[in-house]
Amino acid sequence: MDEIDGGIEHAAPIWAVFGDLMSGLLGAFVLILVGVLGVHLELASSLETEVQKRKVEEQRRVALEQALAGPLASGRVTLNNGRIGISGSVLFALNSDQLQPEGRVLLKTLAAPLTAYLGTRDEMLMVSGFTDDRPVRDSNRQFDDNWELSAQRALTVTRTLIEEGIPSSSIFAAAFGPEQPVASNADAQGRSQNRRVEMAPVPKSSKGSAGTPPGPAAASRD
C-alpha cells in the first residue's frame, strides 16, 4: 500500500508540469494569432488607403479632362498623368520669353477651364520652365543663362494666365533650366523636346516643397 501511495505522489507533479506546458503553448498560440490578425488588419488598411488614393487620382484626372475638354479636342493640348502639354513652337520662339500670338490665344482658352477646375479643389497650378543644355546664344544678351531663360518663360506664362483670370493665389512659377530633360540633348529633336513649359495642378501644401515637378511632359517646344 505504501508503494502505491508513493507512486501516486510521484505522478502528481508530472500532471502539473504538463498543465503548465499546455497553458504556455496556449498563451503562445494566442500571441501568434493576435500578431497574425494585427498584420492582416494592417495590410487591409494599407490596401484600402491605396485604393482610396487611386480613386482620388482617377477622379482628379477625369475632372481635369472635363475641364479641358475644349482645348483637348482641338489637338493642340495634351494631358498626361495630370500634366498639361502644349506641343510645337506655340508659346515661344527660340531663346525668347515673349509669347507668340498663337501661344497667347491658346493660353487664353486654357485660363477659363483651369480657373473653374482650381476653384473647386484645394490645388494650385504649377508652371515650370525648362530648357535644353545648350548655352544661351552669345548674340542674346538678355539672359545670363538657361536658368534665367526658363524662369522668365515660366513667369511669362504665369502672368498671362493671371491676366486671363486665374487668381494669383492659385498659381506659381518654377524654373528648372536644363535639369530634368525628357529626351537626349545629343540631337536637335531631343533638344526641342527639352525646351518646354509644363503646367500641372498640385496640392497647395506642395508649394513650399515644389523643388520637383509632378513629372516630365512635353509642354512647349521651340
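Biologist: Under what relative accessible area does a residue count as buried?
Modeller: In this predicted model, each residue gets a relative accessible area, taken with a 1.4 Å probe on protein chains only. Over 50% is exposed, and partly exposed lies in between. Buried means under 20%.

Biologist: Is Asn146 buried or exposed?
Modeller: Asn146 is found in helix H4, residues 146–163. Its relative accessibility is 9%. The cut-off for buried is under 20%. Asn146 therefore counts as buried.

Biologist: Which backbone oxygen does the side chain of Asn146 reach?
Modeller: Leave aside the neighbours within four places in sequence. Asn146 is then in contact with Thr131, Asp132, Asp133, Arg134, Pro135, Val136, Gly177 and Pro178. At 3.4 Å, its side chain reaches the backbone oxygen of Asp132.

Biologist: Which residue caps the N-terminal end of H4?
Modeller: Look at the backbone nitrogen of Trp147. A side-chain oxygen lies 3.2 Å from that nitrogen. The oxygen belongs to the capping residue, Asp145.

Biologist: How far apart are the end C-alpha atoms of H4?
Modeller: H4 has 18 residues. At 1.5 Å a residue, they should span 26 Å. The model agrees, so the end C-alpha atoms are apart by 26 Å.

Biologist: What covers the buried residues of H4?
Modeller: The buried residues of H4 include Asn146, Leu149, Arg153, Val157 and Leu161. Their cover includes one helix and several strands. Among the covering elements are H3, E3, strand E4 (171–175) and E5.

Biologist: Which residue follows H4 with a positive phi?
Modeller: H4 ends at residue 163. The phi in question is near 125°. The residue is Gly165.

Biologist: At which residue does H3 bend?
Modeller: The bend is about 30°. A proline, Pro113, follows within four residues. The bend is at Ala111.

Biologist: With which residue does Arg104 form a salt bridge?
Modeller: The closest N and O atoms of the pair are 3.7 Å apart. The pair links distant parts of the chain, 59 residues apart: Arg104 is in helix H3 and its partner in helix H4.

Biologist: Are Arg196 and Glu198 buried or exposed?
Modeller: Arg196 forms a salt bridge with Glu198, the closest N and O atoms being 2.8 Å apart. The relative accessible area of Arg196 is 1%. For Glu198 the value is 3%. Under the 20% cut-off, Arg196 and Glu198 are buried.

Biologist: How many salt bridges does a search of the whole structure find?
Modeller: Arg196 with Glu198 is another. The search of the whole structure finds five.

Terms used. Residues are numbered from 1 along each chain as its sequence is written. This is a predicted model: local features need pLDDT of at least 70, side-chain atom pairs count only at pLDDT 80 or more; totals for chains, interfaces and linings use all residues. Side-chain values use heavy atoms; hydrogens and water are left out. Helices (H or I, at least four residues) and strands (E, at least two) are DSSP runs, numbered from the N terminus. A polar contact is a pair of N or O atoms within 3.5 Å; within protein, one must be able to donate a hydrogen and the other to accept it, and residues adjacent in sequence count only if both atoms are side-chain atoms. Contact means heavy atoms within 4.5 Å. The bend at a residue is the angle between axes fitted to the seven residues ending there and the seven starting there. A salt bridge is a side-chain nitrogen of Lys or Arg within 4 Å of a carboxyl oxygen of Asp or Glu. The expected span of a helix is 1.5 Å times one less than its number of residues.
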